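Here are my notes on this model. Please read them with the structure open.

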Amino acid sequence: MSQQLWMERQKAFTGPPQLTETTTTANSRKTMARRSRTKTKLFFLLISLIAFLAFVPVFAPLPSFSSHYSLSHRHRHRHQHRKVKPGSFEIDDDKFWKDGEHFRIIGGDLHYFRVLPQYWEDRLVRAKALGLNTIQTYVPWNLHEPQPGKLVFEGIADLVSFLKLCHKLDMLVMLRPGPYICGEWDFGGFPAWLLAIEPPLKLRSSDSAYLRLVDNWWGILLPKVTPFLYNNGGPIIMVQIENEFGSYGDDKAYLHHLVELARGHLGDEIILYTTDGGDRENLEKGTIRGDAVFSTVDFTTGSNPWPIFKLQKEFNAPGKSPPLCSEFYTGWLTHWGEKNAKTDADFTASALKQILSRNGSAVLYMVHGGTNFGFYNGANTGVDESDYKSDITSYDYDAPISESGDVENAKFNALRRVIGLHTAASLPSVPSNNGKMGYGPIQLQKTAFLFDLLDNINPADVVESENPLSMESVGQMFGFLLYISEYTPKDDKSVLLIPEVHDRAQVFTLCHSKENSRRPTHVGSIDRLSSKTLGLPNAKCASNISLFVLVENQGRVNYGPYIFDKKGILSSVFLDGRILHGWKMIPIPFHNLNEVPKINAIIQVALSRSITVSTQTGLKDKSGNVSEVPAFFTGHFFIENADQIQDTFISFSGWGKGIAVVNDFNIGRYWPSFGPQCNLYVPAPILRHGENVLVILELDYPSPELVIHSVDHPDFTCGSSKSSTIGAHLAQGWQTDQQNGAAWAEVSFRRLSMRNT
């Protein structure tokens, strides 16, 4: 209470204080000087004095100061009993407490495995400039153990260095070690070799065979991160158990096993948490009641967050439920064949404001998406397994920090304004965008047909079987597998049927007895989205005809009931209604991300061919036309000065479908004929002063000019992409689904296999 207000209250009750004090003093003096006054006067004086003394405690300022003292004392008393010690991160009174002080998480997902290590600090600094204090990241098992017992924790998989960098920049970490992560990452982060184990594992369950492998993996991973827990002086404040399990199953024994395993390695002080969609069904299935595990929620951008946070409290112990949206969606994923997903900046910022304005916490998914380098992109399915949609190479996600690190955009600015309004400290300055460089046209030369390189395959790697085997069964986890068989020709046209192929099969035939027949002829394609039959042309061949089926793994399903997504030919192959037996399977060994050795053998062979054909116009088929047989093309571009090495984009407009390698680094898949992505991002650390080498494997048809371009910008306008509904849904806050009360299991906003309209 202010002194002025107190004076006004005193005046209203007692009159001017000066008058009261003067009258009292005068009466006292008269009493002492005139002891001979009558008893009546003394009696009235005593009565007046008693009345005055009784009146003062009621209207004096002491009660106001007393109340203030009482509140502050209770506040101090509560914190004195928190047993606060340095390095403590706790949940109490429905709040987060960091070292005894109330703390709000304003975080963002940034996945170290989607960003080159040379750019980790750059991206973290930009996240900090946005106003974030916490980074959330998955740990993909398949990146760190690509083969059983072969562990990788270096390069882009150097998790320890990433955690050290977060700590250096004073960024806290929420770690999501799986073992299943989803994340639009191949097989949800599971190693593909799990699919080759017999009898088949029951993933994401309390199946003992599966749990033994999880125990072994976490027994390697968790001791590596234990020194980086907050209570050990590191940045990790929370560790997630599984990921959105309520959208998948309800095996509580499995979740309890993971909790016990985590506690055994990490101790009792670290906060364990789950993330589930914000409806009752998912929370019932995916959470662990009590205070052993903190239950967080995610929900559609545009939903009213506070009824969901109220529901969240039901699944946490009393006082243990600070409102946290652990995945606040800044954008969305994009599949090949869709329009690039975009969301409105102001709408996204307004939705975040609803959370922060009432002291809620949020983690932006994504703050920076990055890139699905190599073959690690995931995929989704729709109503059934055949409704398959693979993710594009870019994981830009329409995040506030773009794929190439740009922050000069409306979404970054809008989110930063909202965060700045709800952060006590001033935000760091915003770095400028990194420089981009277009190095101009790159003339390519066809250096080898894929089939011409088969002689370089190690015969020991060729697998023979009566029936086709999956990729995983022959040890080819990513890329391509070539199936070879033969059949006897007939006068009429033959019909080939492959009931189940994952994901895309290109079919070729070869008649060895024909003159000048050196390589197979393309017949057509079969994939899991289209008809499974293909007519084989009538061939006048004196010998058996060889059948070649080149199958591409376009990315394993990472979410939903169909994650058991083996690749290759998964059924018998029928020719004119009869099963075709006798198969050879030849792995095509393209390197994936971060594999050792760094030099890819088949790429090197393709490069060596460029020496022998360098004086030619390029390889052509026998008719002299551009061939549809898969072939390698090689080009060179030069960077004259070291200070000209900057990020660039390779534009594949006019080309068909394939993969691209720059300086032995697999920058990912291109498919501009299907869209929407035209250009692949090439970070500057991949480039070098002087000569740079680009090698592509074109599967369908090259551009007739055999030219591609290095440009300084992304482009998502290729193909005849169908309209993706996600932008409109996000902008409207999925109002229809909310009005209809659609269950999260059906909406599956976070990992929804978006259906196009």
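1. Start with the crossover. E4, helix H5 (residues 120-130) and E5 form a β-α-β unit, and it is right-handed. Bear in mind that this is a predicted model.

2. Now the pairing within that unit. Strand E4 (residues 106-110) runs parallel to E5, with three bridges between them. Asp109 sits opposite Gln136 in E5.

3. E5 also pairs with strand E6 (residues 172-176). The sense is again parallel, here over five bridges. Gln136 stands opposite Met174 in E6.

4. How covered is strand E5 (residues 134-138)? Mostly: five of its five residues are buried. Thr134, Gln136 and Tyr138 point one way from E5. Ile135 and Thr137 point the other way. Both sets are buried.

5. Next, a separate sheet. Three strands make an open sheet in the order E1-E2-E3, and the pairing is antiparallel. Strand E1 (89-92) and strand E3 (101-103) are the edges, each pairing on one side only. From one strand to the next, the twist averages 40°.

6. Look at one pairing in that sheet. Strand E2 (residues 95-98) is antiparallel to E3, over three bridges. Trp97 is opposite His102 in E3.

7. Last, check Lys411. This residue lies in helix H13 (residues 410-421). Is Lys411 buried or exposed? Lys411 counts as buried because its relative accessible area is 5%, and the cut-off is under 20%. Leaving aside neighbours within four places in sequence, Lys411 contacts Thr330, Gly331, Thr343, Asp344, Ala345, Thr348, Asp398, Ala399 and Pro400.

Notes:
Residues are numbered from 1 along each chain as its sequence is written. This is a predicted model: local features need pLDDT of at least 70, side-chain atom pairs count only at pLDDT 80 or more; totals for chains, interfaces and linings use all residues. Side-chain values use heavy atoms; hydrogens and water are left out. Two strands pair if DSSP finds at least two bridges between them. Helices (H or I, at least four residues) and strands (E, at least two) are DSSP runs, numbered from the N terminus. Axes are lines fitted to C-alpha atoms, for helices over the stretch in contact, and angles run from 0 to 180 degrees between N-to-C directions. Buried means under 20% relative accessible area, exposed over 50%, partly exposed in between (1.4 Å probe, protein chains only). Contact means heavy atoms within 4.5 Å. A crossover is right-handed if, with the strands pointing away from the viewer, the path from the first strand over the helix to the second runs clockwise.
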